[in-house]
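This report walks through selected local features of one chain. Please keep the sequence and the model side by side while reading.

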Amino acid sequence: GYVNECVTSTHSCQASERCVNTVGSFVCERTVTCPAGFQLRNQVCEDIDECMVRSHNCGQRFACENTEGSFLCNPKQRCLTGFTQDSHGNCIDMNECSSLSDPCSAGFHCINTVGSYTCQRKVIMCSQGYHSSPDGTRCIDVDECQTGNHGCGEGQICHNLPGSYRCDCQTGYLYDALRQVCSDVNECWSYPGRLCAQTCENSPGSYQCSCTAGFSLAFDGKNCEDLNECDSSPCGQECANIYGSYQCYCRQGFYLKEDGHTCEDIDECSQNIGNLCVFQCVNIPGSYQCACPPNGYTMSTTGHTCRDIDECTTGVHNCSTEQTCFNVQGGYRCLSFSCPPYYRKVSDTRCERSGCPANSVDCQTSPLRITYYQLSFQMNIVIPTQIFRIGPSPAYRGDNIAISITHGNEENYFSTRKLNSFTGAVYLQRQVRQPRDFLIDVEMKLLRQGAFTTFLARIYVFITSNTL
């Protein structure tokens, strides 16, 4: 036969399911339970219409109205506004003050009346300095400072207090109770030496620090820092910053003027400090330079003295090949040495007599030898001075000479003197006031063994400027 699993409890259905036996097996069906007010039909819960099935408990004065899962009992007779029905259907007054939430606005309280209610303003008494809140429930402080109902004077600060206010002075002012005004505090007098490093100046409600000349106010507004006046270039040349001031000074060759700022060039030439230059001093800003005559001189390595240029050695002259170049101080001379007739040239500066005609007495008595000499002196030479010596070479015992200037001494600048029997000298005996060239003929007569022989010295004397 067949096994009924539902009876033998060999099924696997859960407690909320129902076991239905089938041929050779079983099925589990879900059992549906409906809530109150609903009934099961075709496995679906449907609403029970209590009004239709008359399972309601509405009284005679009420009409039944079905709702989902329940019902309502509505009074058949309507009540006027402000009334509600009790469970017996009677119209009773509604207390709006307790049934409505906030029927009156803030500051009013609710009073119930038959069929309605009224709102009556709450009255609260507040002491001076307070006023009632908008809802009338409490007293709140009056801010006299905001409303302007205070007695604070001009420049005073109003501070609100509970029920009152206070008048305070601004920072830097003190309240004068006698005059009832705020008076400025002189901080410089009150805190001497503590506020400012140097100078304190009082101002209304405050004070200001300042510094003396040569200082600037530091970032903290109290201390003073040394001002570097040199940054603004107050000096003509050099500036040295010193604490609280500055000092101007000048570079070498300049001096500081009385104004203490300007530098003036020192004219070393006009001051002539120890004869700076031999020839000419030229002042330049901050110093001086020495100059030499434009021609014939060059500056020495010292930069102070002038050195004569030897044009004859350097070759910067314009003498011809037939002429001889002779250097003088500051220049040169081109000299021609020619021999007269009956003389032959034996050297650059010497002519000797040769072959006189038999009948020519002049030729026989003319000098045996003519020699050229060149001498150079400056104008400032000490007078008298020996400039030349002449005598036979070699000299013998018994020689005797006589010398004279035969030509070129018309102005009597020169003189001769016999030093001994075989030596004669030529002197410059007058001061030459300006540069001059002289050519003098000095004749020497030699008496040797009873016979006279004449010798001629042709001497160029160049007197140059003594400016150097």
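Gln449 lies in the loop between strand 38 and strand 39. The model is predicted. Gln449 is not a glycine, yet its phi is positive, at about 50 degrees. Its relative accessible area is 82%, so Gln449 counts as exposed, the cut-off being over 50%.

Strand 38 (residues 436-448) and strand 39 (residues 451-464) run antiparallel and are joined by 13 bridges. Opposite Arg448 stands Ala451 in strand 39.

Both strands belong to an open sheet of six strands, in the order 31-32-33-39-38-35. The pairing in this sheet is mixed. Strand 31 (343-347) and strand 35 (400-407) each have a single partner strand, so one side of each is left without a neighbour in the sheet. From one strand to the next, the twist averages 30 degrees.

Tyr342 sits in the loop between strand 30 (331-335) and strand 31. Its phi is near 70 degrees, a positive value in a residue other than glycine. How accessible is Tyr342? With 44% relative accessibility, Tyr342 is partly exposed. As background, most residues other than glycine have a negative phi, and most peptide bonds are trans.

Three strands form an open sheet in the order 34-37-36, and the pairing is antiparallel. Strand 34 (385-390) and strand 36 (414-420) are the edge strands, each pairing on one side only. The twist here averages 30 degrees from one strand to the next. Five bridges link strand 34 to strand 37 (residues 423-428) in the antiparallel sense. Phe388 has Val426 in strand 37 as its bridge partner.

One joins Ile383 and Pro384, with omega about -10 degrees. Pro384 is in the loop between strand 33 (369-378) and strand 34. The other runs from Ser393 to Pro394, with omega near -5 degrees. Pro394 is in the loop between strand 34 and strand 35.

Strand 5 and strand 6 form a hairpin with two residues between the strands. Gly69 in this hairpin takes a positive phi near 85 degrees. Glu50 is found in helix 2 (residues 50-53). Beyond its neighbours within four places in sequence, Glu50 is in contact with Gly37, Ser55, His56, Asn66, Gly69, Ser70 and Phe71. Where is the nearest side chain of opposite charge to Glu50? That side chain is Arg54, 13 Å away. Glu50 is buried yet has no salt bridge.

Strand 21 and strand 22 also form a hairpin with two residues between them. In its turn, Gly244 has a positive phi of about 80 degrees. Here too there is a buried glutamate. Glu229 lies in the loop between strand 20 (224-226) and strand 21. Its relative accessible area is 11%, so Glu229 counts as buried, the cut-off being under 20%. Leaving out its neighbours within four places in sequence, Glu229 is in contact with Gly214, Pro234, Asn241, Gly244, Ser245 and Tyr246. Glu229 and Cys239 are 10 residues apart in sequence, and their C-alpha atoms are 8.5 Å apart in space.

Finally, the record. An unreviewed UniProt entry lists "domain: EGF-like" for residues 141-183, 184-225, 226-264 and 265-307. Residues 141-183 are 9% helix and 47% strand in the model, with end C-alpha atoms 31 Å apart. Residues 184-225 are 10% helix and 38% strand, with end C-alpha atoms 30 Å apart.

Notes. Residues numbered from 1 in each chain as written. Heavy atoms only, no water. Pairing = 2+ DSSP bridges. Helix = DSSP H or I, 4+ residues; strand = E, 2+ residues; numbered from the N terminus. Axes fitted to C-alpha atoms, helices over the stretch in contact; angles between N-to-C directions. Buried < 20%, exposed > 50% of the residue type's maximum accessible area, 1.4 Å probe, protein only. Lys, Arg positive; Asp, Glu negative; His and termini not counted. Salt bridge = Lys/Arg side-chain N within 4 Å of Asp/Glu carboxyl O. Contact = heavy atoms within 4.5 Å. UniProt positions renumbered as here; feature names shortened; annotations may be inferred.
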